[in-house]
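Biologist: I have a structure here and some words to sort out. Let us go through it together.

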Amino acid sequence: HKAISPDGVRTAEISEAREHSMGNPTVGALRLTNGIQLQKCNPAFIWSTDSQYLAVPQWISRFVLFMRQRLVIVEVTSKAAFASRFTYWLLQPRKFAEGRLEVAISSRMGIAWEREQPLVLHVPKILKEFVRIATT
């Protein structure tokens, strides 16, 4: 999956994504043209309409046995990445405009069910509640 920022300046890409387990969503290394790299990302990433942020679900291990997703928001100009403390079976960013990020989330039933109401986050305000993570 490859996406050019709305201003046409940067590109984000996961060139080789593979299923993290049989029949489940894919995972790969996200690379931005400004040098940021994040491992274990889902190709369902989205640029903000002002091209300042990129939202991407990232797979992490929970309780050793379970793979779940947290949301990572990359602040492109500062090259900083911030990860949510919350996790879900599946996250699907849908809209990212004027600082309002809508994310479809799975229900507690598992990966195949989506909740009726999306998770709505206000960026950059929400980043105070996220944890800064390293990028490579």
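**Strands, burial and contacts**

Modeller: The protein chain has 0 helices and 14 strands. This is a predicted model: local features need pLDDT of at least 70, and side-chain atom pairs count only at pLDDT 80 or more, while totals for chains, interfaces and linings use all residues. Residues are numbered from 1 along each chain as its sequence is written, and side-chain values use heavy atoms, with hydrogens and water left out.

Biologist: What makes a run of residues a strand or a helix?

Modeller: Both are DSSP runs, numbered from the N terminus: helices are H or I with at least four residues, strands are E with at least two. Strand β6, for instance, covers residues 46-47.

Biologist: What is the mean pLDDT of the protein chain?

Modeller: The mean is 88, and 85% of the residues reach 70 or more. pLDDT is the predictor's confidence in each residue, from 0 to 100.

Biologist: Why is arginine 132 called exposed?

Modeller: Its relative accessible area is 58%. Exposed means over 50%, buried under 20%, and partly exposed in between (1.4 Å probe, protein chains only). Arginine 132 has 58%, so it is exposed. Its place is in strand β14 (residues 131-133).

Biologist: Which residues does arginine 132 contact, leaving aside its neighbours within four places in sequence?

Modeller: Ala80, Ala81 and Phe82. Contact means heavy atoms within 4.5 Å. Arginine 132 and alanine 81 are 51 residues apart in sequence, and 5.8 Å apart in space, C-alpha to C-alpha.

Biologist: How do you know that β11 and β13 pair?

Modeller: Two strands pair if DSSP finds at least two bridges between them. Strand β11 (residues 100-107) and β13 are joined by 4 bridges, so they pair. They run antiparallel. Leucine 101 has leucine 121 in β13 as its bridge partner.

Biologist: How many bridges join β10 to β11?

Modeller: 6 bridges join strand β10 (residues 91-97) to β11, and these strands run antiparallel too. Lysine 95 stands opposite glutamate 102 in β11. The hairpin of β10 and β11 has 2 residues between the strands, and there glutamate 98 takes a positive phi near 50°.

Biologist: Which side chains of β13 are buried?

Modeller: Leu119 and Leu121 point to one face of β13 (residues 119-122) and are buried.
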